[in-house]
Amino acid sequence: MPPPPPPEVEESHFAYQEKTFRRALDECAEYLEVPAETVEHLVSHRFQTSEQSLKCLIRCAGINAGWWNDTAGVQGPVIESYFQPSPDDTCFDRRTRECLEARAPLCQDDCSRAYEAFLCYYHQYGNLRCSQEYIPLPHLEAVQASIDCINILRIPRELIEQYSRAIVPNVPETQCLYRCQYLAEGLYDPQYGFNHTRFYIRHHDQPAREFLSDETRSCTEHALRDSCDECARVYRARKCFDNYSTPFFTSRIIQHAAQIILGQRGCDEDELKPQYNSIASGPYVPASHPAPPPPPSSSYHVSDGGCKYNCRN
C-alpha cells in the first residue's frame, strides 16, 4: 500500500489539475531520470543549455503542463498563463510572436522546437510565475469525465443513443450533463459561476480574447441569474461563448463518451444475480455445475541578446 501524500499536498478537485511550472519540470525530471542538481543548475542559469537531454526535459514539462504538442506546437493560451507581463509593456505579445517565427522553425526536432518556444515566452512575454496554473483536459480525459457524468447522473439509454449520433436535445438531463461536464473540467463553480480564463485556455486551438471580454462576462452573469434551476442556467449561459469557441466542442466530447458507453458489453439477467458475499456459505460455484464436495479439513491452509524578461544584467 503506497504511503499517504504529505499533508501540504492537495488533490485536484473533479477531473482537472493545476500545477506550477516547477512541479511540471520536477515530475519530468523523475520521468527522464534527470538528477535534481542538474535541474537546479538549469533553473539557476535561466534555462540556457545546449544539452539535448535538457531541451527534452523542457519539452516534457510542456506536455505535462499542457502547453506543448508535437503536432500543433506551442499552445499559446496555456503557456501564457505561466508568465506575467509587466503592466507597462504593450509589446510583449508582438515580440513573442516574432521570436517564435524566428527561433522555432518546423525543421528542428521536437525537443528543440519546444525548448526554443519556451525561451521565447521566457525572454519576451513576461516573468515566470510561481503559482499553480490550470491545465486543460486532453480529449480522452475530458471524454472519461463525460462518461463519469453520464453514469453518475444515470442518463437514460435512449438519450445516450441520441448523444452517440450527435443529437443533443435540450432536456433537463442534457442541461445537468453539461453542468456536470463543466464542473469536472473546472470551468464552472456553483458559487462563482464560469471561469472565463479557463474557457479561453480550454479552447487553445482557436484562441479568442473575447472569452475574457467584459461583454462576455456580463452575458454569462446575466444568464446565470435568469432561472431558478441551476442546470438550466448553466446550459443557457454556455451560449455566451458560442461565437468564440470551437464549434460543438462539448457536444463532441459527450458524443464520444456515449459511443464508448454503448460499446461496452451488457449483462444478461442471470449475470446480474448476486454472485459474491451472499448469505449462503461456501465458495461461489456457477449454477450450471454441481458443487464439489468439501475438502478434508486437514488439507485447508490459510495462506540570448535583446531579451526583455528573465535576463542577466
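These legends go with close-up views of aromatic rings in a predicted model.

**View 1. Tyr16 and Tyr134 form a tilted ring pair.** A search of the whole structure turns up 22 aromatic pairs. For Tyr16 and Tyr134, the ring centres are 5.9 Å apart and the planes meet at 50°, so this pair is classed as tilted. Tyr16 comes from the segment before β1 (17–19), while Tyr134 belongs to strand β6 (residues 133–135), so the contact ties together parts 118 residues apart in sequence.

**View 2. Phe211 and Phe241 make another tilted pair.** Here the ring centres of Phe211 and Phe241 lie 5.7 Å apart, with 35° between the planes. The pair links distant parts of the chain, 30 residues apart: Phe211 sits in the loop between α10 (196–202) and α11 (214–223), and Phe241 in the loop between α12 (230–237) and α13 (249–263). Phe211 is buried, with a relative accessibility of 0%. Phe241 is buried as well, at 2% relative accessible area.

**View 3. Ring pairs join aromatic residues into a cluster.** To find your way around, pick out Phe21, Phe47, Trp67, Phe83, Phe92, Phe118, Tyr121, Tyr122 and Tyr125, which ring pairs link together.

**View 4. The charged end of Arg238 sits over the ring of Tyr178 and over the ring of Tyr235.** For Tyr178, the charged end of Arg238 is 5.0 Å from the ring centre. For Tyr235, the corresponding distance from the charged end of Arg238 is 3.8 Å.

Terms used:
Residues numbered from 1 in each chain as written. Predicted model: local features only at pLDDT ≥ 70, side-chain atom pairs only at ≥ 80, totals over all residues. Heavy atoms only, no water. Phe/Tyr/Trp six-rings, centres within 6.5 Å; stacked < 30°, edge-to-face > 60°. Helix = DSSP H or I, 4+ residues; strand = E, 2+ residues; numbered from the N terminus. Buried < 20%, exposed > 50% of the residue type's maximum accessible area, 1.4 Å probe, protein only. Lys NZ or Arg CZ within 6 Å of the ring centre and 35° of its normal.
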